[in-house]
Amino acid sequence: MEIVLRNNLILITTGFDTLNTRWMKEFLNHHARGMLFLPKAVLVFRNETLTQIREEFLTQLSQHHAAKHQFNHQFFLRSMLKYGTQPIKIELEKLEEPQTVKVNLYAYDKDTVLISLDAPNSWVINYLRSQLEVYVERGTDSSLVVDVSDYKAKARLERALNKRHILHYQIQYTYDNHFMSKLYSDFASFSFGDLCKAEDEDKNIRLYTVLECPVGASQDALKKSYKKLVKVYHPDKIVHEHPNMISHYTQKFQLLQEAYSALRIVS
């Protein structure tokens, strides 16, 4: 383990033996909503309501580090506590052999999705919580029930599932043949041509929804969102996925193109 105190963060470089200790997991579980997942690392931001938990974590971290390197624990702890407002970055000290984590997706209906793991994994669950926090109805250490009753929630879920690597874990999503049809049952008979038949106001709302922008968004905002989304939903990115998923991404990609073209005209 190595700890570096920088001007803008506390950098902890360690292995999975430390990452999977009880005190490390407890700290990360408390900060699930304030974590940013990076390649081979997580960035934990300061939370004013969790100051005591942060200090307890730094104390345990300092004791653990001092025991391994045989130096004064209290002196090092005082140095770390001076960085009380800075984020904590925890990264792997070496490239670990990727481990596959199976995540099962099940749609009860168009409004509710169950995400479950074959075995508890705090890293994957914390990632999903951090991405879907406002939509999680309930959960355990191996499952989440997510409310996806509006378009924004579905879009958020899709973006979360688009990430397949958490630290050295490789996520493998599985779902039955009815998952996509249940989740998007509202669009079963939907085609872009239907938008042209609706009232102008309703049409514009739907167009902006497709691009995940607020109604009346500027041309720059529309262009930025369009470019970001077409990269996410480009069918070439998922050529090895289930045919249902490929079909959904293809339709979404086409809708994005048509919605952006239409909004450029009406704007």
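So, in which sense do E3 and strand E4 pair, and over how many bridges? They pair in the antiparallel sense, over 4 bridges; strands are DSSP runs of E, at least two residues, and helices are runs of H or I, at least four, numbered from the N terminus. Pairing here means DSSP finds at least two bridges between two strands.

Quick caveats. This is a predicted model, where local features need pLDDT of at least 70 and side-chain atom pairs count only at pLDDT 80 or more, while totals for chains, interfaces and linings use all residues. Residues are numbered from 1 along each chain as its sequence is written, and side-chain values use heavy atoms, with hydrogens and water left out.

Okay, the sheet. Five strands make an open, mixed sheet, ordered E1-E2-E5-E4-E3. Strand E1 (2-5) and strand E3 (35-38) each have a single partner strand, so one side of each has no neighbour in the sheet.

Now look at Thr-13, in strand E2 (residues 10-14). Thr-13 counts as buried because its relative accessibility is 14%; buried is under 20% relative accessible area, exposed over 50%, partly exposed in between, with a 1.4 Å probe and protein chains only. Its side chain makes a 3.4 Å polar contact with the side chain of Glu-91. By that I mean N or O atoms within 3.5 Å, where one must be able to donate a hydrogen and the other to accept it, and residues adjacent in sequence count only if both atoms are side-chain atoms.
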